[in-house]
Amino acid sequence: MKAVVVAHPDDESLWLSSILCSADRVVFCFGDPFERPKLSAARRSAVAALPLAGLVDLGLPESGGGFAVDWTDPRLTETGIALTDPAARARYEANFPRLVDALRPALSGCTEIYTHNPWGEYGHAEHIQVYRAVAALQAELGFTIWFSNYVGPASWPLAREIGAQPCWAGQCMVQPDEALARKLRRIYRGHGAWTWTRWHRWPAEETLYAQPPGAELRPLSGEYLLDVTGLRWWPPPWGRALRRLE
């Protein structure tokens, strides 16, 4: 069985649309945004309208520390990544064991888990935390982890650091399901719950990397990552869609 595990509703349409139609479960980890009641209500109504099979909404509250990262000195931790805001850090660290406990039954029986990459795509702390929680359950549940090749300018140094270490054993090239992704975006936007740029465009192709349990892993050297700043209809002058890991 396949499961897609993402931090927030709308992440599935952005980063893992290629897998949604074949997934047996789609797991949302976090529900209400921290101290944003209007968005919380919008998100709940949008999730209720999604045409996704096997949807599991864990509904854990967000920590509010998603962007409280010092990207000049990013430091991975057991619970995700170091945060600069002490109050957000306390909530973030407290969420980790709750997340692991909630994911355990949700992922039981699954052989393949598709989730955020270790640097959190563009660098969202809760994306990184979800990857770490999934990884914490791998030895116990015996599934293969798959992650994509999206990155952002802030997270690029961390992606280079992680990519220089053994972190994958297999790969596949896939096409995003743009029709489904756009359908989901319309639902989120209709409910006021879309949290990403309206100008996002899905690439023609993306790469998924596998981490099988107990496999001999290798670095990502020579691989190309998709820079989200280049995936816009009108990218900024510095925007480019591909970055190569040396």
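Q: Where is the place of Glu35 in this structure?

A: Secondary structure is read from DSSP runs: helices are H or I runs of at least four residues, strands are E runs of at least two, and both are numbered from the N terminus. Glu35 is found in the loop between strand S2 (25–30) and H3. This is a predicted model, in which local features need pLDDT of at least 70 and side-chain atom pairs count only at pLDDT 80 or more, while totals for chains, interfaces and linings use all residues. Residues are numbered from 1 along each chain as its sequence is written, and side-chain values use heavy atoms, with hydrogens and water left out.

Q: Is Glu35 buried or exposed?

A: A residue is buried under 20% relative accessible area, exposed over 50%, and partly exposed in between (1.4 Å probe, protein chains only). Glu35 counts as exposed because its relative accessibility is 67%. Its phi is near 55°, a positive value in a residue other than glycine.

Q: What is phi of Asp10, and where does Asp10 lie?

A: Phi of Asp10 is near 100°, which is again a positive value in a residue other than glycine. Asp10 belongs to the loop between strand S1 (2–6) and helix H1 (11–15). With a relative accessible area of 1%, Asp10 is buried.

Q: Which strands pair with S1?

A: Two strands pair if DSSP finds at least two bridges between them. S1 pairs with strand S6 (residues 112–115) in the parallel sense over four bridges; within this pairing, Lys2 has Glu112 as its bridge partner. Four bridges also join S1 to S2, and these two strands run parallel. There, Ala3 has Arg25 of S2 as its bridge partner. S1 is mostly covered, as four of its five residues are buried.

Q: How many salt bridges does a search of the whole structure find?

A: A salt bridge is a side-chain nitrogen of Lys or Arg within 4 Å of a carboxyl oxygen of Asp or Glu. The search finds eight salt bridges. One of them joins the side chains of Arg43 and Glu62 at 2.7 Å, N to O. Arg43 lies in helix H3 (residues 37–48) and Glu62 in the loop between strand S3 (55–60) and strand S4 (76–77), so the pair ties together parts that are 19 residues apart in sequence. Arg43 is buried at 5% relative accessibility, and Glu62 is buried at 14%.

Q: Where do Arg182 and Glu178 lie?

A: Both residues lie in helix H7 (residues 178–190), four residues apart, about one turn of the helix. The side chains of Arg182 and Glu178 meet in a salt bridge of 2.9 Å, N to O. Arg182 is partly exposed at 25%, and Glu178 is partly exposed at 30%.

Q: Which residue forms a salt bridge with Arg243?

A: The partner is Asp227, with the closest N and O atoms 2.6 Å apart. This pair links distant parts of the chain, since Arg243 is in strand S12 (residues 242–244) and Asp227 in strand S11 (residues 224–227), 16 residues apart. Both Arg243 and Asp227 are buried. Elsewhere, salt bridges that share partners join Asp101, Arg104 and Glu140 into one network.

Q: Which residues does Asn149 touch?

A: Contact means heavy atoms within 4.5 Å. Not counting residues up to four places away in sequence, Asn149 touches Asn117, Glu206, Thr207, Tyr209, Tyr224, Leu225 and Leu226. The side chain of Asn149 reaches the backbone nitrogen of Thr207 at 3.1 Å. Asn149 itself is buried, with 2% relative accessibility.

How values were computed: A polar contact is a pair of N or O atoms within 3.5 Å; within protein, one must be able to donate a hydrogen and the other to accept it, and residues adjacent in sequence count only if both atoms are side-chain atoms.
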